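Subject: Structure handover

Hello,

Here is the structure I promised you. Please open it next to this email and follow along.

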Amino acid sequence: MPKKRGGSKGGAKTEEEKLLLLQQRAQAEEEMAKKREEILTLFLKDKLQKEQKNAAVNLLKLNEGWRSVLRQTRAAELRRDITVLSQTFERQLDGLDSVVKNLERDLQEAERQSAHVRRVHLQQLERLRAQQDQRLAFVQQHWEDGLQQLGARFGLERKQISSHCRQQRADLADAKFTVEQQHKAVMNEIHRLYSEGIAAYESAHEDRKAALLLVNKGTLREKLLQNQEAEQLCSAETQQLSLLLFRTQDLVKKTDADMRKVKTLQDTVISLRETLTSSQTENSSVETNLSAARNQVNTKTHELRDQLGQVHAAARKQLTQLTVQSDNAAKKLQALIVKGQKVLRVAEMCHKLESEQREVLSLFWSEELQRAEAETETEEPVKDMRELRQVTRRINGAVLQRAALKKQREDLSRENQQLRDLLRQHLDAMTISDADAGGHHALLAVCQAPTTTAPPNADRRHTVIEAAHAVKHAL
Amino acid sequence: MRRSPYSPGANLNPVEDFRKMRRIIAEDPDWSLNIVPCLSKLCLQSIERNFEGKPIFEELTPIQKDFVQENLSTSLPLHVTANLISDGVYWKRCCEQRWDLCDVSHYGHSWKRMFFERHMETIIELFIPEVTETKTVLVMVPLCRNYVKRLDISQLLPPIKEPQNEEEEEFGLELASDNEYDRPSLDHFDFNILLDKLTKLEELHLVYRVKQCGMNFEWKMFEMTTRDCESLAKALKSCKTLKLLKLHQSHIEDEKCRLLVKDLLDHPSLRELDFSHNLIGDKGARAIGKLLNRSKLEILNLCDNEIRGLGAKAIAHALSKNSTLLSLNLRLNRLRDDGGQAIGKALLNNNTLLHLHLGGNELTGPTAVTLSKVLVQSNTLKSINLSCNNLCVDGGRALEEAMSHNTSVTECDIRLTEVDKQSVSFINQVVWANQSLEQKRHAQESKTK
């Protein structure tokens with residue numbers, strides 16, 4: 001650019017130079033600034049790096065410090081945990097040790113017990129075996145004794161029998177010898193007789209032979225003739241036989257034809273039977289259906305009948321109830337009627353009584369009637385009341401009268417009774433009863449003195465009349 | 001007597017007539033209408049009634065003695081009857097009245113002996129130390145001394161446990177034991193007071209156990225203590241006629257066994273020793289081995305103990321020098337092969353042993369081989385029992401081979417030994433042949449006699 005500057009110096013130097021200078025300065029400044037910036041950036045980078053390094057180192061330091069603190073606290077905690085755990089494990093170990101010891105002891109006990117039991121068992125078994133052996137030996141001894149006895153007995157018997165046999169054999173030998181002797185003698189006799197007999201017989205035999213020869217020739221001739229006749233008869237018979245054979249053959253053929261007919265008939269019979277059985281099965285099925293239907297119908301009828309019966313029973317029950325109720329009602333009505341009739345009768349009687357008594361109490365009633373008549377005109381609705389009052393007054397008067405009459409009657413009856421008692425006693429005193437008459441001292445029978453005793457009614461209080469007073473009345 | 005309604009001349013059935021005459025029909029079979037008991041019978045009856053006060057028995061004739069024995073009251077005190085009435089119906093009645101089951105053949109067919117032995121046994125079995133007085137035992141001794149030959153005691157009661165301590169000095173007890181104030185002075189019945197006085201005692205069977213203890217069970221009831229052991233040993237030494245001692249199932253260990261054996265050495269009459277079902281080990285076995293040669297033992301039974309190889313070797317050592325032992329039973333111990341072989345080797349030198357029982361000892365083949373050598377050579381061994389050992393086929397074959405040379409063994413038991421069937425059948429055949437030989441020999445001997 002200096003060239004350019006040199007070149008531009010000749011031209012508008014001052015403005016261009018100033019501009020150039022300014023530009024150069026600006027450029028320089030820019031370069032300076034750039035350099036400064038670069039230096040700054042480098043410096044900052046270095047610083048940054050250093051700071052980063054420091055930061056890393058510090059971080060590491062922090063981590064270490066943090067870890068050491070953590071370790072310390074953790075170590076403390078862990079130690080505590082360890083102590084606790086070690087204690088628990090020791091306790092568990094102690095427990096297990098004690099368990100193991102107990103088990104050992106139990107095992108020893110059990111072993112001892114089992115050994116004891118085994119020994120006792122062995123001993124018992126040995127004792128039992130010894131007893132068994134003893135018993136066996138005894139039984140065997142017994143058996144052997146028996147066997148010996150039997151053997152001895154059999155030996156004796158054998159000896160006896162053998163001696164017996166020998167004797168018998170000797171006897172038999174003697175007998176045999178004698179018999180043989182006899183046998184020889186007899187045989188000689190027989191031979192002699194036999195030879196004599198044979199000689200005689202032979203001579204006789206020859207004689208007979210000659211005679212027989214003659215006879216035989218004659219018989220031969222006769223027999224030849226007979227044979228010829230027989231041959232003729234035979235031929236006739238063979239002819240007859242052949243005829244018969246033909247006839248039998250015909251008959252056989254006929255029988256074959258008959259057999260065939262019979263077979264066909266049998267087939268028809270079988271088919272008919274099959275149809276019969278099928279129809280029978282059909283019938284039976286139909287029957288079963290019918291019977292089932294019948295059963296159903298029967299059951300239905302039964303059910304209907306039951307229903308009917310139930311309905312009948314219900315109706316009957318209702319009827320009976322109705323009748324009962326109606327009876328009750330009728331009874332009530334009748335009772336009411338009776339009551340009404342009674343009331344009517346009572347009213348009649350009252351009327352009668354009133355009419356009788358009207359003369360006695362006419363004044364009172366006339367006043368009442370007057371009062372009533374006076375009041376009737378003014379008070380009509382109170383008519384019934386007036387009548388009621390009259391009725392009540394009448395009733396009260398009747399009741400009072402009745403009470404008075406009752407009292408009078410009671411008094412009268414009392415007097416009557418007293419008088420009767422007095423009379424009885426008097427009579428008793430006078431007469432002598434039959435019972436006393438039969439006794440020993442009838443003449444001296446003494447009766448009770450006549451007294452009036454009070455009637456045994458607890459309600460009434462009667463005055464007791466003494467004997468003296470009663471006697472006065474009696475006499 | 002009511003008059004009979006029939007005329008005297010009528011022909012009546014005499015039974016009916018009697019029934020009409022007398023309505024009481026007697027229950028007593030001896031009663032009879034016609035016979036009035038004779039004076040001698042009445043006298044005998046009065047003798048029976050007053051026997052306790054005035055025992056007259058010796059002066060009677062045998063028939064009279066029988067009559068008296070049949071009717072005499074069985075509840076008479078023993079001090080009157082024991083030495084007076086001889087063996088017979090009276091003792092039979094006593095026994096049957098007191099006990100249900102009476103098997104007199106077990107007691108040599110003597111009712112008197114049965115009665116006294118069982119009586120003594122019950123006294124001892126029910127003896128509670130420190131509660132029962134020893135007088136009850138001692139009182140019986142002079143009465144039964146001549147009749148008791150065997151005592152089979154099946155329980156021995158321990159003292160009742162009391163919280164207080166009571167040290168009483170019982171008669172005849174000087175036990176050399178530590179004087180602890182906790183324990184009573186007696187553990188079980190002390191036999192010292194009894195055994196030397198029973199002059200005819202030949203057999204003693206003891207078990208230290210309690211029957212029917214119910215809920216009061218304690219292991220101590222089934223054990224013998226050391227003091228018991230010492231006192232028993234002394235008692236046994238003092239009894240000079242004892243032939244058989246059976247002390248089983250009493251929890252005897254080595255020390256107790258040695259204590260007992262110490263006092264049994266050179267015993268004049270002991271022939272049979274039975275320590276079965278105890279806990280004797282090797283040391284006890286050694287003591288017993290010593291005993292074998294210093295006494296006249298013929299039968300030794302140590303079954304169901306804990307003897308092992310060493311103990312067996314000790315016994316074998318004694319066997320090889322011994323000439324009296326006839327039967328040895330080492331069943332159900334733990335001999336194993338070394339023990340079995342030791343015994344086998346000892347038997348090669350022994351000529352008297354007749355019966356050997358080694359069943360259930362975990363023996364195997366090598367023992368069978370040793371024993372087969374014995375079988376080949378021996379002509380005295382009669383019965384050998386090797387059952388329940390695992391001899392296997394080889395052992396079986398060795399035995400088979402040996403038996404083919406043997407002529408004296410009449411019983412050879414090899415059941416449950418896993419031996420081959422062929423060997424078993426062969427051995428059985430040889431055994432039967434030997435048995436028939438034996439019978440023939442017996443027959444010849446009896447003929448020559």
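Which side chain does the side chain of Ser276(B) join in a polar contact? The partner is Asp274(B), and the contact is 2.7 Å. A polar contact is a pair of N or O atoms within 3.5 Å; within protein, one must be able to donate a hydrogen and the other to accept it, and residues adjacent in sequence count only if both atoms are side-chain atoms.

Some ground rules before we go on. This is a predicted model, where local features need pLDDT of at least 70, side-chain atom pairs count only at pLDDT 80 or more, and totals for chains, interfaces and linings use all residues. Residues are numbered from 1 along each chain as its sequence is written, chains are lettered from A and ligands numbered from 1 in the order in which they are written, and side-chain values use heavy atoms, with hydrogens and water left out.

Loops of chain B

Back to Ser276(B). Its loop runs between strand 4 (272-274) and helix 11 (282-293) of chain B. Helices (H or I, at least four residues) and strands (E, at least two) are DSSP runs, numbered from the N terminus. Ser276(B) is buried, at 4% relative accessible area. The cut-offs are under 20% for buried, over 50% for exposed, and partly exposed in between (1.4 Å probe, protein chains only). Leaving aside neighbours within four places in sequence, Ser276(B) is in contact (heavy atoms within 4.5 Å) with residues including Gln249(B) and Asn305(B).

Take Asn305(B) next. You will find Asn305(B) in the loop between strand 5 (299-301) and helix 12 (309-321). Asn305(B) counts as buried, because its relative accessibility is 3%. A polar atom of its side chain lies 3.2 Å from the backbone nitrogen of Ile280(B). The backbone oxygen of Leu302(B) lies 3.1 Å from a polar atom of the Asn305(B) side chain. Beyond four places in sequence, Asn305(B) also touches Phe275(B), His277(B) and Leu332(B), among others.

Now Gln249(B). This residue sits in the loop between strand 3 (244-247) and helix 10 (254-264). Is Gln249(B) buried or exposed? Buried, because its relative accessible area is 3%. Its phi is near 55°, a positive value in a residue other than glycine. Most residues other than glycine have a negative phi.

Cys388(B) has a positive phi too, near 60°. Its loop lies between strand 8 (383-385) and helix 15 (392-403). Cys388(B) is partly exposed, with a relative accessible area of 44%.

Where the chains meet

The contact takes 10 residues from chain A and 13 residues from chain B. About 1,200 Å² is buried between the two chains, and carbon and sulfur atoms give 46% of that. Buried area is the accessible area (1.4 Å probe) that two parts lose on being put together, summed over both. In chain A, Arg112(A), Arg119(A) and Gln123(A) lose the most area to chain B, together 53% of what that side buries.

How many salt bridges are there between chain A and chain B? The count is four. A salt bridge is a side-chain nitrogen of Lys or Arg within 4 Å of a carboxyl oxygen of Asp or Glu. One joins Glu223(B) and Arg112(A), with the closest N and O atoms 2.3 Å apart.

One stretch of chain A to finish. Residues 395-429 are 100% helix and 0% strand, and the end C-alpha atoms are 50 Å apart.

Best wishes
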